[in-house]
Amino acid sequence: MSDLELTVAANDTDRPKLTLGHRLWSAVLPIALAVLLLGFAAVDRGVLSPANLLNIAQQTSYLALFAMAQTVVILTRGFDLALGPTVSMVSVGSALAMAGATASGHGAVAVLLAGLGAGFALGIACGLFNGVVVALLGVNPFVATLGSYNIAIGIATTLSSGRPVQGVPAPFSQIFYSGSIFGVPAAIAITFAVGVGLHLLLARTVFGRSLYLIGTNPRAAAVAGLPVKRILVATYVLCSGLAALGAIMMTARTGSGEPNLGGALSLQAIAGAVVGGTSLAGGRGGVGTAVLGALFITILSNGMNLTRIDGYVQMVVLGAIVIIGVLLDRLRQERRQ
Amino acid sequence: MNTALVAAAPRGLVSLRSIAGRIGLLPALLVLLVAGMSAVDAQFYGIINVLNILRNASLLAIVACGQALVIIAGGFDLSVGAVVALASVVTAKTMAATAAAFPGSNVLIIASGVAAGLGCGVAVGLVNGFCVARLRVSGFVVTLGTMSATAGVGLMITNGIPVYGMPEIFVKGFGRAQAFGLPTAAHVALIVILVMVFAQRRTLFGRYVYAIGGNVDAAVVSGVTIQRHIVGTYVVSSVLAALTGILLTAQVGSGQASFGGDRMMLQSIAAAVIGGVSLRGGVGRIEIVAISALFLTILGNALNLLHVDSRLQPVFLGVIMVAAVALDELSRRSKPRV
């Protein structure tokens, strides 16, 4: 048993024994972030303006949420390619439910509950499907979620006939987008709360620690008596549930249910997680890496937009950044050993 | 006899059996689909529809063959769709430029265009292979990165506008031509499949790819030069994707950055996986992948002819993919481990 604890403990990102050089290596990404921000600011002062910083924080909060969702499954050596289509499906589903409830003359609270209920039900259903196929049928996560990717796209476009779904009530947008809590915009507040909760879940609960063990050594996890299959199913449900929350926030922002809302989100979320230092080999990463990666990608694209770098060039830069980020992380790990 | 059987399936008798099961299943499904559709709709076996199916299946099969090779070696190639697009616009641009410089010399124009297109494939494949084999970054992340970069370059060159100015003979005499009743793409696909099947079974490269995907450590100990062969698989995959881009360009008559894309990438992986290529590496045969590409194309065509809402069609693809792999996993599990 103590062996297992050691395996888990060894995966904590910051051990006290690290030397200064090691510490510098693990600070590569935050330093790169600061350099990036200052570099863009040198070209355009507007980058560091309070309005733009708030804008960056707000944009980051969506991607960070999705990167966190993705991180949860990546920790167990999984993947969720279906995250983007899940977002589209939830967006369409919750908008339809709210439009329907409004049309049948229900009160504002009932309409909101209908939207949330439909959205989370769809998200959780998607997560259950992924989890059951991966954990119980033993299908590779890539194929399983590529399958549900297609299924969710099909459902989202069929439900909506491929058009945006109108009828999202104003209170819904108010709560999840334009409102604020103690002066903090809703999206940032929600992501912050979820991040804190998820961090506690991953770092302080048996469920959270077992995700790290499953990712580091699935056999050890099974031998230790963990209900690996049940945990995996719960992991995928958690991932899709977080995606559903993000979808609801994005639907509140656009004010309609969009069948294309998820678009490139699956890969962006994976890129965010991975750039932040989450290992695709499993067992390494957390809320911090997800937020850091999301922040990095958002600042990069925000800065490139403000400095008027061509959108197509941005795609090339992002591609290169993903590879370099992972390469740096691998070098950092090797230094550490 | 027994050794020959084992040699045909590097993972031993268990996977041989499961592959044998798959060979029986997939063509049976294919025949069933074709027979059923022929009975339901006479349009299905009309010459126009058959040519249409063959053309699309050939393009998919070429990309899927490369994808299968990479997966067998234990990798992934997400960049194939973007390479199709890049090769298409580069080929068209080069032909237009050469035509402006040397008007009339069609051989030179076409040769330069095709060379430039395939060159793009080689370049992307080398970058992928270098990052995976040398820098040891995971194939998924590398090709995710090059997918974004390659698509970006393709759009950058064209600003998203179709590129014209190719010689007429390239479009009419090659892309839209038919020989022995078959479209050009089908001939090219047949040649590619035959060469790939031969390479897989009879060349060291093919056998090493199985060895690397099956058990890297064992391959290293046996003296296989891992890096070179992994680079090789990514280059083959990208070059085949580039070839598809050139064929599409010749068929449509313009170079477009919207060719290929995510759809082609996902379909190529689906074709490989449904064709029995294991994502664990080391298992899979090109000829079955080609049949599976044909199956997927006919399925899409059948759904269209049956007037199934095109928006609902991805659901079928998703369910079939998951079911195919789940069946394989379950059959693997029900047999004792070797």
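Visitor: Why does A:Phe79 count as buried?

Guide: This is a predicted model, and the values are computed from it. Buried means under 20% relative accessible area. A:Phe79 has 10% relative accessibility, so A:Phe79 counts as buried.

Visitor: Why does B:Phe140 count as buried?

Guide: The cut-off is again under 20%. B:Phe140 comes to 4% relative accessibility, so it counts as buried.

Visitor: What makes A:Phe79 and A:Phe142 an aromatic pair, and why is the pair edge-to-face?

Guide: A pair of aromatic rings is described by the distance of the centres and the angle of the planes. Ring centres must lie within 6.5 Å, and planes over 60 degrees apart count as edge-to-face. A:Phe79 and A:Phe142 are 6.1 Å apart centre to centre, with 75° between the planes. The distance qualifies them as a pair and the angle makes the pair edge-to-face, because the limits are 6.5 Å and 60 degrees.

Visitor: What does that pair tie together?

Guide: A:Phe79 sits in the loop between helix 4 (50-74) and helix 5 (83-103) of chain A. A:Phe142 belongs to helix 7 (residues 141-160) of chain A.

Visitor: Why is the pair of A:Phe79 and B:Phe140 called tilted?

Guide: Stacked needs planes under 30 degrees apart, edge-to-face over 60, and the rest are tilted. A:Phe79 and B:Phe140 have 40° between the planes, and their centres are 4.3 Å apart. The angle falls between the two limits, so the pair is tilted.

Visitor: How do you know that this pair crosses between chains?

Guide: Look at where the rings sit. A:Phe79 is in the loop between helix 4 and helix 5 of chain A, while B:Phe140 is in helix 6 (residues 139-158) of chain B.

Visitor: Which residues form one aromatic cluster?

Guide: A:Phe79, A:Phe142, B:Phe76 and B:Phe140 form it. Over all chains, the whole structure has seven aromatic pairs.

Visitor: What is the secondary structure of chain B?

Guide: Chain B has 14 helices and two strands.

Visitor: What makes chain B as compact as a globular protein of that length?

Guide: The radius of gyration of chain B is 20 Å. The globule rule gives 20 Å for 338 residues. The two values are close, so chain B is as compact as a globular protein of that length. Buried residues make up 54% of chain B. Residues 24 or more positions apart account for 80% of its contacts with a separation of 6 or more.

Note on methods: Residues are numbered from 1 along each chain as its sequence is written. Chains are lettered from A and ligands numbered from 1 in the order in which they are written. This is a predicted model: local features need pLDDT of at least 70, side-chain atom pairs count only at pLDDT 80 or more; totals for chains, interfaces and linings use all residues. Side-chain values use heavy atoms; hydrogens and water are left out. Helices (H or I, at least four residues) and strands (E, at least two) are DSSP runs, numbered from the N terminus. The radius of gyration is taken over C-alpha atoms; the globule rule is 2.2 Å times the number of residues to the power 0.38. Buried means under 20% relative accessible area, exposed over 50%, partly exposed in between (1.4 Å probe, protein chains only). Contact means heavy atoms within 4.5 Å. Rings of Phe, Tyr and Trp (its six-membered ring) pair if their centres lie within 6.5 Å; planes under 30 degrees apart count as stacked, over 60 as edge-to-face and the rest as tilted.
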